[in-house]
Amino acid sequence: MGLPAVLAAQPSALPAVKVTHRAPMYLDTGRSQLGFEVRSRLGQRIEGNFPQFEGRIEVLSDGRHQVHLKMFTRTVEIPGKVRYTGWMRGPDFFDAERHPVVEFDSLPYDPARVDQGGDIQGRLMLRGVSHPEVLRVEKAECARPGYDCDVVSRGTVLRGRYGMDNWQFALSDRVTFVLRARLTGVPEP
């Protein structure tokens with residue numbers, strides 16, 4: 001018997017693989033919050049938010065997830081502080097005119113990380129500069145995180161690495177981004 005006939009007669013040694021592809025999940029921007037915190041050198045916490053942002057979670061063919069976030073700096077605000085808001089949008093901080101978007105793209109991760117808590121590695125693009133950064137996800141407080149409770153994550157960056165090195169005498173170098181995420185729609189089983 002020739003080689004092709006032998007191969008054809010052999011049962012398949014590999015099991016059939018069922019590949020499922022799910023549509024991405026999107027952040028519910030009406031119920032999610034994306035903000036940041038920076039401290040003054042005197043310990044005062046300055047909190048801001050991004051009223052305009054978007055995010056999606058891709059479900060990869062191997063079951064892992066990948067998150068993509070965009071924050072629009074032209075709308076960033078420090079509630080109740082018009083002067084601080086202008087400064088945050090200005091060239092010394094987010095530089096909204098030249099850099100209207102801050103983006104975070106994660107590496108693929110096991111979705112159990114959202115239930116159990118842990119780190120999600122990724123790449124942050126801020127003011128035209130890109131560095132690897134980490135989002136630390138808190139352990140979920142419900143069985144369906146993102147639907148029945150917020151998925152809470154924080155990522156702290158050093159602003160000097162992104163060219164935001166003015167005001168070192170007044171502000172800490174650390175900026176912490178805080179995401180309280182809810183998802184749209186109903187989860188698939």
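A pocket, as the word is used here, is an open set of grid points with protein on both sides within 12 Å along at least five of seven lines, and its lining residues are those that have an atom within 4 Å of a point. The structure examined in these exercises is a predicted model.

**Exercise 1.** Describe the largest pocket and find which element gives the largest share of its lining.

*Solution.* Begin with the space itself, which amounts to about 510 Å³ in the largest pocket. Next, turn to the 25 residues that line this pocket, among which Ile57, His65, Val114, Pro145 and Leu183 are the closest to its centre. Then look for the elements that give two or more residues to the lining, namely S5, helix H3 (112–116), S8, S9 and S10. Finally, the largest share comes from S5, which contributes three residues.

**Exercise 2.** Work out how strand S9 is joined to S8 and to S10.

*Solution.* Take S8 (residues 129–137) first: it runs antiparallel to S9 (residues 151–158), and two bridges join the two strands. Within this pairing, Val137 has Ser153 of S9 as its bridge partner. On turning to S10 (residues 171–181), we find that eight bridges join this strand to S9, again in an antiparallel arrangement, and that Thr156 stands opposite Thr176 of S10.

**Exercise 3.** State the volume of the largest cavity and the classes of the residues in its lining.

*Solution.* The volume of the largest cavity is about 150 Å³. Of its 14 lining residues, Phe104, Leu124, Leu135, Gly155 and Phe177 are the closest to the centre. Sorted by class, the lining has 11 nonpolar, two polar and one charged residues.

Terms used. Residues are numbered from 1 along each chain as its sequence is written. This is a predicted model: local features need pLDDT of at least 70, side-chain atom pairs count only at pLDDT 80 or more; totals for chains, interfaces and linings use all residues. Side-chain values use heavy atoms; hydrogens and water are left out. Two strands pair if DSSP finds at least two bridges between them. Helices (H or I, at least four residues) and strands (E, at least two) are DSSP runs, numbered from the N terminus. On a 1 Å grid over the protein atoms alone, a cavity is a set of points where a 1.4 Å probe fits but cannot get out, and a pocket is an open set with protein on both sides within 12 Å along at least five of seven lines; lining residues have an atom within 4 Å of a point. Grid points are joined across faces, edges and corners, and a volume is the space filled by probe spheres set on the points. Ala, Val, Leu, Ile, Met, Phe, Trp, Tyr, Cys and Pro count as nonpolar, Asp, Glu, Lys and Arg as charged, and the others, Gly among them, as polar.
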